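Here are my quick notes on this one, as promised. Have a look at the model first, then read on.

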Amino acid sequence: MDIFLHQLPIVVNALNVGFLQTLKLFSVTLLGAFPLGLIIAFGSLSKIKAVSMFTGFIIWIIRGTPLMIQLLIVYYFPGLVLHNPIWGGGEQGRFLAASLAFIINYACYFSEIYRGGIQSVPVGQQEAGLVLGMTKSQIFFNVTLLQMIKRIVPPISNEIITLVKDTSLARIIALQEVIWAGQAFMKGSHGISGAIWPLFFTALYYLVFNGIVTVLLARLERKLDYFR
Amino acid sequence: MPILDVKNIRKRFGRLEVLKDISFSLEKGEVLSIIGSSGSGKTTLLRCLNFLERPDGGSIRVNDEVLLDCADPSTLKESQIRRKRLHFGLVFQSFNLFPQYTALDNVMLAPKLLAHENHTWDSVKQKVHDEAVELFANIGLSDRMSNYPHQLSGGQQQRVAIARALIMHPDILCFDEPTSALDPELTGEVLKVIRKLSEQKRTMIIVTHEMEFARDVADKVIFMDGGRICEQGEPHEVFGNPKEERTKQFLARYNQK
């Protein structure tokens, strides 16, 4: 017990540092994937056959292969295959590579949710806007968008909660996120070695954070309840 | 000079010819009722007038301006369509109010967006608002302006949709079966508003299955069948003394009810 109480603050400090990296990756992914997903959704809704087919192809590749492999390819491909290690070797480079892989991966998933959301808004809404003399973009931003957001909050919430946990995959390229920090205490870190409990302890971080995310998303869902 | 002159409109969807050579004209202040069975092309005709469908042939003139002439490509430009569309208003069968806006904001949205584009919103804001409030008084919903569509009955929603169309000052207001989604009780309140508009000498085209209403309110009736105008004339002619066999059949079925 004494040992545990002695180790706890050291472990918590180290895990906090790791979790900060987790949070950074989580936030950057959302910031990038939300708008990129919309662009991809417009691509797959495009009336130009070549554009929608190309977009469909990309989505198929990204959704059809493991995110972990995508991470490895994004991180190692430039250096090992192209002999141009653009990411450098440091934590900064690993973070950028992980961000890129996560943004592309999540944007593809979001785009399919967006597409479903846009298509589920009745066509009569757009026609009502047209006969009132609105432009297509005015209709999208003033009529369709909020109705689409209302419809996609539940499925997007699912993806966001998955993303919180998926960030741990970045460990495969040695990004120093919270699980990496927990595992370090097995090999030896901050004067502690052979300790397995810090690794299990990281689960608490995910659980608490997902609790907060769930509450916030439920609040957003309720906020959009004012119309049908 | 007629306010609306439609000549030889043709429209096909794939192999199906929905409109075959439709021609008619309408004087300012007149009300035209279009009747006919489902699938006779009534709705498609209204959608062509409102540029929701592009006809394959024919022309549409409003106030002697050629809005569309399929033989003249310069009238088919996408960039012009938006302005031309505003000659017409359209009230849909399914209302199509915007659910996220209050009734008042539904009515004010289109003029607001237009004014924002011209950077005149600040100066016209009060005027648009006052006009919207007046329209709500006309449709008898002054106490419902701050309600959202889902808080209104179907009849109330349709009346708001009429106000929303009117605020854009269309030359010709079109109704696409405005009461088909309503029960008989709610139908009455919508028809009352349309009747009031006809008394104010608004030019209107009404596609409807309400035969009695069509006869009472219209100056002119068109009976459509299989994509053609089968018969047209004044209501007492078409309803009272139809010449075509098909019209007689159609009206007989309604009289039985």
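Predicted model: local features only at pLDDT ≥ 70, side-chain atom pairs only at ≥ 80, totals over all residues.

**Notes on the model**

1. Residues are numbered from 1 along each chain as written, chains are lettered from A in the order written, and side-chain values use heavy atoms, leaving out hydrogens and water.

2. Still on chain B: 54% of its 257 residues are buried (under 20% relative accessible area, 1.4 Å probe, protein chains only). Its C-alpha atoms fill a box of roughly 55 × 45 × 35 Å along the principal axes.

3. Gln156(B) counts as buried because its relative accessibility is 15%. Its side chain reaches the backbone nitrogen of Ser153(B) at 3.0 Å. Leaving aside residues up to four places away in sequence, Gln156(B) touches Leu141(B), Arg144(B) and Glu189(B) (heavy atoms within 4.5 Å).

4. Over in chain A, look at helix 3 (a DSSP run of H or I, at least four residues). A kink of about 35° lies at Tyr75(A), shortly before Pro78(A) (the angle between axes fitted to the seven residues ending there and the seven starting there). Tyr75(A) and Pro78(A) are among the buried residues of this helix. Just after helix 3, His83(A) takes a positive phi of about 55°.

Conventions. Buried < 20%, exposed > 50% of the residue type's maximum accessible area, 1.4 Å probe, protein only. Polar contact = N/O pair within 3.5 Å; in protein donor to acceptor, adjacent residues only side chain to side chain. Helix = DSSP H or I, 4+ residues; strand = E, 2+ residues; numbered from the N terminus.
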